[in-house]
Amino acid sequence: MRIEWEIDEVPCLIEVTDYELGDPGRTSGRPEDCYPPEPGWVEYRVLTLGGDPAPELADCLDDDDDEEIQSACLEAIESGRSSARITQDDDEGGADDDYYASRAEDSWSRGRGY
C-alpha cells in the first residue's frame, strides 16, 4: 500500500512494507481475562512520486513526522477502503494487497476470539 505524502513540502509516497494492527486490550470482566492495550506499528519507506527510494527525504523525518505517518498508515489499513490519498501500485499485480488484507483480517479475528 502506498500513501501520498509531503515531507518539507516535497511530494512523495510512503510505502508500507510491514505492519501490525494494535490491540485495544481488555479492561473489563474477570481479572484473568483482562490484558493491556498494545499500540499498532508500521514499517515504511519513503519513495519519490516515480516510485524510487528517497533516502534524502527519509532523513528529514523527525519523531513527530514518523508518528503522523504511522497513524495515517494504520488508519488507512484499518479502514480497508481507498480514499483520494491512497494509491495502489498496479505493477505489483495485487499480491501485496492480498497479503495485507489477509493480515488485517487475521488480526481482526484474533482480537475477537474467532
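Me: What share of the contacts between residues at least 6 apart join residues at least 24 apart in sequence?
Reply: That share is 63%. Keep in mind that this is a predicted model.

Me: How much of the protein counts as buried?
Reply: Of its 114 residues, 26% count as buried.

Me: What about the accessible surface, how much is there?
Reply: About 7,800 Å². Carbon and sulfur atoms account for 45% of that surface.

Me: Let's talk charges. Which residues form the negative surface patch?
Reply: Glu6, Asp8, Glu9, Asp62, Asp63, Asp64, Glu67 and Glu68 form the patch.

Me: Which element gives the most to that patch?
Reply: Helix H2, which covers residues 63-79. It gives four residues to the negative patch.

Me: Where is Glu9, then?
Reply: Glu9 is in a loop. That loop runs between strand S1 (2-7) and strand S2 (10-20).

Me: Is Glu9 buried or exposed, and why?
Reply: Glu9 is exposed, because its relative accessibility is 73% and the cut-off for exposed is over 50%.

Me: What is phi for Glu9?
Reply: Phi of Glu9 is near 65°. That is a positive value, and Glu9 is a residue other than glycine.

Me: What about phi of Asp8?
Reply: Asp8 has a positive phi too, about 50°. Asp8 is not a glycine either.

Me: Where does Asp8 sit?
Reply: Asp8 is in the loop between S1 and S2. Glu9 has its place in the loop between S1 and S2 as well.

Me: Buried or exposed for Asp8?
Reply: Asp8 is exposed, with a relative accessible area of 56%.

Me: Is Gln70 buried or exposed, and why?
Reply: Gln70 is buried, because its relative accessible area is 18% and buried means under 20%.

Me: Which residues does Gln70 touch, leaving out those up to four places away in sequence?
Reply: Gln70 touches Gly40, Trp41, Val42 and Tyr44.

Me: Val42, okay. How far is the C-alpha of Val42 from that of Thr17?
Reply: Those two C-alpha atoms are separated by 7.7 Å. Along the chain, Thr17 and Val42 are 25 residues apart.

Me: Which strand holds Thr17?
Reply: Thr17 lies in strand S2. Thr17 counts as partly exposed, at 37% relative accessibility.

Me: New topic. How many salt bridges are there?
Reply: The count comes to four salt bridges.

Me: Take Glu15 and Arg2. What are the details of their salt bridge?
Reply: The side chains of Glu15 and Arg2 meet with N to O at 3.0 Å.

Me: Which parts does that pair tie together?
Reply: Glu15 lies in strand S2 and Arg2 in strand S1, so the pair ties together parts 13 residues apart in sequence.

Me: Are Glu15 and Arg2 buried or exposed?
Reply: Glu15 is buried, and Arg2 is buried too.

Me: Which residues are linked with Glu15 in a network of salt bridges?
Reply: Arg2 and Arg45 are linked with Glu15 in that network.

Me: What about Arg30, which residue does it meet at 3.2 Å?
Reply: Arg30 meets Glu32 in a salt bridge at that N to O distance. Arg30 also forms a salt bridge with Asp33, with the closest N and O atoms 3.1 Å apart.

Methods: Residues numbered from 1 in each chain as written. Predicted model: local features only at pLDDT ≥ 70, side-chain atom pairs only at ≥ 80, totals over all residues. Heavy atoms only, no water. Patch = residues over 30% accessible without salt bridge, like charges linked within 9 Å, V, L, I, M, F, W, Y side chains within 5 Å. Areas by Shrake-Rupley, 256 points an atom, 1.4 Å probe, with all protein chains shown as cover. Lys, Arg positive; Asp, Glu negative; His and termini not counted. Charge placed at Lys NZ, Arg CZ, Asp CG, Glu CD. Helix = DSSP H or I, 4+ residues; strand = E, 2+ residues; numbered from the N terminus. Buried < 20%, exposed > 50% of the residue type's maximum accessible area, 1.4 Å probe, protein only. Contact = heavy atoms within 4.5 Å.
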